[in-house]
Amino acid sequence: QPGRGSGGSQSTNSSVDFLDYLIALSDASAETPPQIEAISYDNGTLNLQLVTESDIALEELRESIAESGEFDARILRTERKEEGQIAGRIQVSEAAL
């Protein structure tokens, strides 16, 4: 639909856009894909609410996103859900120069 996805017209000084974040997330989660519950993108920051199989899997995902040096990724919250499931929130932003 025309007019949808107008987020690309936001004025930021960032060289990273929403698609770059999604590509990094896809690459990072190739081996053990998380269950993504929510994604939000605002002013150059991607917030992910997701479920992984363990704390270790969540940390490995965070490390994998930040591995290139292009992004900073922080785990904001973790919570044990069911047996073998960890809910987490990761915030991803462009790495500082």
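Visitor: What makes β1 and β2 a strand pair?
Guide: Strand β1 (residues 35-42) and β2 are joined antiparallel by seven bridges. Two strands pair if DSSP finds at least two bridges between them, so seven bridges meet the rule. Strands here are DSSP runs of E with at least two residues, helices are runs of H or I with at least four, and both are numbered from the N terminus. By the way, this is a predicted model: local features need pLDDT of at least 70, side-chain atom pairs count only at pLDDT 80 or more, and totals for chains, interfaces and linings use all residues. Residues are numbered from 1 along each chain as its sequence is written, and side-chain values use heavy atoms, leaving out hydrogens and water.

Visitor: Which other strand is joined to β2, and by how many bridges?
Guide: That's β4 (residues 86-94), antiparallel to β2 with eight bridges. Thr45, for one, has Ser93 in β4 as its bridge partner.

Visitor: Why do the buried residues of α1 count as lining one face?
Guide: In α1 (residues 18-28), Tyr21, Ala24, Leu25 and Ala28 are buried, meaning under 20% relative accessible area, while exposed is over 50% and partly exposed is in between (1.4 Å probe, protein chains only). Looking down the axis of α1, those buried residues fall within an arc of 100°, so they line one face of the helix; the arc is taken from the directions from the axis to the C-beta atoms. Leu19 and Asp27, on the other side of α1, are exposed.

Visitor: Why is Phe18 with Tyr41 called a tilted aromatic pair?
Guide: Their ring centres are 5.2 Å apart, with 55° between the planes. Rings of Phe, Tyr and Trp (its six-membered ring) pair if the centres lie within 6.5 Å; planes under 30 degrees apart count as stacked, over 60 as edge-to-face and the rest as tilted. So 5.2 Å makes a pair, and 55° makes it tilted. Phe18 lies in α1 and Tyr41 in β1, so the pair ties together parts 23 residues apart in sequence.

Visitor: Which residues touch the most other members of the largest nonpolar core?
Guide: Among its 16 residues, Tyr21, Leu48, Leu61, Ile65, Phe71, Ile90 and Val92 do. A nonpolar core is a set of buried Ala, Val, Leu, Ile, Met, Phe, Trp, Tyr and Cys residues joined through side-chain atoms within 4.5 Å. α1 gives the most to this core, with four residues.
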